Amino acid sequence: MTDAYLARIGKLIRDARQHRGWTQAQLADALGTSQSAVNRIERGNQNISLDMIARIGEALDSEIVSLGYAGPMHLRVVGGRRLSGSIDVKTSKNACVALLCATLLNAGRTTLRRVARIEEVYRILEVLGSIGVRTRWINDGNDLEVVPPADLDLASMDREAARRTRSVIMFLGPLLHRMDQFGIPYAGGCDLGTRTVQPHMATLRHFGLEITATDGTYHAHVDREVRPTRAIVLTERGDTVTENALLAAARHDGVTVIRNASSNYMVQDLCFFLEELGVRVEGVGTTTLTVHGVAHIDRDVDYAPSEDPVEAMSLLAAAVVTESELTIRRVPVEFLEIELAVLEEMGLDHERSPEYRADNGRTRLLDLTVRPSKLRAPIDKIHPMPFPGLNIDNVPFFAAIAASAQGQTLIHDWVYDNRAIYLTDLNRLGADVKLLDPHRVLVEGPTRWRSAEMMCPPALRPAVVVLLAMMAAEGTSVLRNVYVINRGYEDLADRLNSIGAQIEIFRDI
């Protein structure tokens with residue numbers, strides 16, 4: 001490689017390391033090398049093999065290069081443009097990955113409609129394919145057909161794909177019914193600080209699952225004599241914890257009561273899907289779920305997951321920060337009602353259509369038209385709560401919205417250790433975001449956005465927030481290494497371009 005390429009690669013590695021919050025010594029430990037070697041690499045003073053670049057990318061969970069392509073994907077954004085027209089909300093990313101894990105319960109064929117074609121889904125499909133599950137895109141690539149084998153080949157699991165998604169943790173619930181012993185790699189995903197899997201282990205222990213974690217693998221052993229004898233009380237009202245409990249209960253031949261359950265959108269979609277499989281679930285939408293499981297499931301089912309409320313919030317925030325009039329169609333309003341109530345108090349000018357049903361026949365949708373508004377900071381702080389409260393994943397979008405409003409807004413993201421820190425990246429684009437502690441920021445508006453070139457934050461929602469701010473900033477901005485955005489959004493740049501944005505995808509190595 002030339003000295004120029006080495007310097008550019010070194011800068012990408014340094015930026016990815018710093019965004020992860022690692023020191024050079026921590027990266028050196030992960031690679032089994034010295035701090036001085038990492039220092040030379042980052043300065044462009046050491047030749048580096050593609051294998052080493054791949055190892056660094058894996059350690060940092062960042063796509064430093066993409067073999068087979070010209071390099072990692074970046075976005076060039078010409079900001080200051082108004083959006084217009086209308087755009088449809090895609091199906092829920094979080095529901096789709098849960099449903100893909102749930103197909104392991106079924107010996108029959110599962111057809112999922114309008115599955116989000118995103119990196120998170122691709123990683124799960126790679127894992128499923130590696131253990132013998134046959135998947136194929138049908139109907140011009142809009143729908144997905146899943147057919148499991150009689151016996152899964154877990155020894156052949158694509159461990160690299162599994163490590164790149166936290167969703168693989170939801171294999172535990174279905175697999176405990178299929179084999180007495182198995183192993184899956186540690187779950188990965190966004191860098192959002194320490195996210196313990198202990199609530200999963202405590203929940204699944206009621207079904208006889210015991211886990212030993214060694215050498216990067218969860219080693220599972222199932223005691224068939226252990227069955228739930230009383231209601232399962234979740235110590236954390238988490239979405240994936242509730243989903244794992246549901247997946248385990250679905251094939252438990254008896255009645256399982258799950259208390260302190262999440263009632264969020266992806267959990268409801270999973271409940272609706274389980275009902276298609278013949279599993280009766282009482283209490284959907286509440287914090288107490290009663291599951292009437294069946295020991296064996298062999299059905300050909302066809303299911304359409306509902307639309308993604310977080311994507312809807314992303315598009316709403318795009319309209320707000322760019323001061324645009326935009327119609328967002330197929331908005332799952334029951335999972336955005338608190339957000340809309342807060343925005344109304346802030347002065348949002350918007351109009352709602354009559355409600356109608358999603359393709360699953362259950363979720364309430366409407367079309368939302370957002371108009372340019374003079375926003376003021378909310379009186380109370382912005383903070384998430386379990387559904388029906390303000391959605392945890394929608395909190396970051398309020399940072400960009402608050403930066404567009406008059407006054408000071410306190411945002412308290414108490415769930416994740418690092419995500420509030422990533423919101424300070426908006427300062428590079430002209431915002432005034434003060435970090436009060438790892439969970440709280442104070443946002444002062446209004447903001448005169450300015451263009452910048454910067455590395456994509458390693459967490460999905462803050463990364464999209466930075467992109468939206470770039471769309472509002474006059475001039476040309478560059479957002480480097482956007483793999484994390486592709487984990488959760490399908491063709492986001494092209495779809496934003498269809499409503500007036502000017503975003504170019506490029507690669508430079």
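Where does Thr 242 lie? Thr 242 sits in helix H10, and the legends below start from there. This is a predicted model in which local features need pLDDT of at least 70 and side-chain atom pairs count only at pLDDT 80 or more, while totals for chains, interfaces and linings use all residues. Residues are numbered from 1 along each chain as its sequence is written, and side-chain values use heavy atoms, with hydrogens and water left out.

**View 1. Thr 242 in helix H10.**
Helices here are DSSP runs of H or I with at least four residues, strands are DSSP runs of E with at least two, and both are numbered from the N terminus. Thr 242 has a relative accessible area of 0% and is therefore buried; buried means under 20%, exposed over 50% and partly exposed in between, with a 1.4 Å probe and protein chains only. Leaving aside neighbours within four places in sequence, Thr 242 is in contact with Leu 234, Ala 261, Ser 262, Val 267 and Leu 289, where contact means heavy atoms within 4.5 Å.

**View 2. Ser 262 in the loop between S10 and H11.**
Buried or exposed, what is Ser 262? Ser 262 is buried, because its relative accessible area is 5%. A polar atom of its side chain lies 3.1 Å from the backbone nitrogen of Asn 264. Such a polar contact is a pair of N or O atoms within 3.5 Å; within protein, one must be able to donate a hydrogen and the other to accept it, and residues adjacent in sequence count only if both atoms are side-chain atoms. Beyond neighbours within four places in sequence, the contacts of Ser 262 are Arg 237, Gly 238, Asp 239, Thr 242, Val 267 and Thr 286.

**View 3. The open four-stranded sheet with the order S9-S10-S12-S11.**
Pairing in this sheet is mixed, and two strands pair if DSSP finds at least two bridges between them. Its edge strands, S9 (232-233) and S11 (280-282), each pair on one side only. S9 and S10 run parallel and are joined by two bridges, with Ile 258 in S10 as the bridge partner of Ile 232. S10 (residues 255-259) and S12 (residues 288-292) run antiparallel, with five bridges between them; here Arg 259 stands opposite Thr 288. In a regular strand the side chains alternate between the two faces of the sheet. Helix H10 (residues 239-250) lies across S10 and S12, at about 25 degrees to S12; axes are lines fitted to C-alpha atoms, for helices over the stretch in contact, and angles run from 0 to 180 degrees between N-to-C directions.

**View 4. The open three-stranded sheet and His 177.**
The order is S6-S8-S7, with antiparallel pairing. S6 and S7 (209-214) are the edge strands, each pairing on one side only. Neighbouring strands of this sheet are turned by 25 degrees against each other on average, direction ignored. Five bridges join S6 to S8 (residues 217-222), and Ala 220 in S8 is the bridge partner of Phe 182. His 177 is found in the loop between helix H8 (172-175) and strand S6 (181-185). With a relative accessible area of 18%, His 177 is buried. The side chain of His 177 reaches the backbone oxygen of Ala 248 at 2.5 Å.

**View 5. Two cis peptide bonds and two positive phi values.**
Most residues other than glycine have a negative phi, and most peptide bonds are trans. A cis bond joins Phe 387 and Pro 388, with omega about 15 degrees, and another joins Gly 445 and Pro 446, with omega about 0 degrees. Pro 388 is in the loop between strand S17 (364-371) and helix H14 (395-403), while Pro 446 is in the loop between strands S20 (440-445) and S21 (453-455). Asp 140, not a glycine, has a positive phi of about 60 degrees; this residue is exposed, with a relative accessible area of 80%. Glu 323 has a positive phi near 55 degrees and is partly exposed at 47% relative accessible area.
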